[in-house]
Amino acid sequence: MNIRIAKKEDCPRLMELVHELALFEKAPEEVTVTLQEFEDAGFGEKPIWKAFVAEHDGLIVGFAVYYIRYSTWKGSRMYLEDLIVTEAMRGQGVGTLLFDRLIVEAKDLGFSGMVWQVLDWNEPAITFYKKKYGAVVEAGWLNASLSKQQFLNINL
């Protein structure tokens, strides 16, 4: 298994994995980003995300994408947007390799911590984060969002 920094050429495969994750999370219709938007956000003039990929026999079988989040309480933190391992490779240590690489990155960049979300029904992921790393899975916060379409419908 090879863990490396993602390259622009990886984006089509990364989007395939994003769609696989959306199916797993029972929300395939929620993926609205285009390949061009995804590439521009990671490799354009002002990149906002970075990713590590896991390769097995030359095929990307997983990736972890993060960006920097600022907390007025804690300072600069790594925000893990997604950790994705293709279904055929789950349970083989790929997620651990990617998560460990993120921890090294967070230490190297001097972040005050790392945060992410996990669905409350995803027991394998919750168990992984809690047992392997001692992560705290918080309760009491609800996610809120506005879509691009909602922005367009708000008259200001």
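Predicted model: local features only at pLDDT ≥ 70, side-chain atom pairs only at ≥ 80, totals over all residues.
## Charges over rings

Arg90 lies over the face of Phe24, 4.9 Å from the ring centre.

## Aromatic pairs

Twelve aromatic pairs occur in the structure. One of them joins Tyr66 and Phe111 edge-to-face, with 6.4 Å from centre to centre and 75° between the planes. This pair links distant parts of the chain, 45 residues apart: Tyr66 belongs to strand β3 (residues 59-71), and Phe111 to the loop between α3 and β5 (114-116). Tyr66 is buried at 5% relative accessible area, and Phe111 also counts as buried, at 14%.

The ring centres of Phe99 and Trp116 are 5.3 Å apart and their planes meet at 80°, so this pair is edge-to-face. Phe99 in helix α3 and Trp116 in strand β5 are 17 residues apart, and the pair links distant parts of the chain. Phe99 is buried, with a relative accessible area of 1%, whereas Trp116 is partly exposed, at 22%. Ring pairs join Phe99 and Trp116 with Phe128, Tyr129 and Tyr133 in a cluster.

## Surroundings of Met89

Met89 is found in the loop between β4 (75-85) and α3 (94-108). Its relative accessible area is 11%, so Met89 is buried. Leaving aside residues up to four places away in sequence, Met89 touches Met1, His56, Val61 and Val94.

Terms used. Residues numbered from 1 in each chain as written. Heavy atoms only, no water. Helix = DSSP H or I, 4+ residues; strand = E, 2+ residues; numbered from the N terminus. Buried < 20%, exposed > 50% of the residue type's maximum accessible area, 1.4 Å probe, protein only. Contact = heavy atoms within 4.5 Å. Phe/Tyr/Trp six-rings, centres within 6.5 Å; stacked < 30°, edge-to-face > 60°. Lys NZ or Arg CZ within 6 Å of the ring centre and 35° of its normal.
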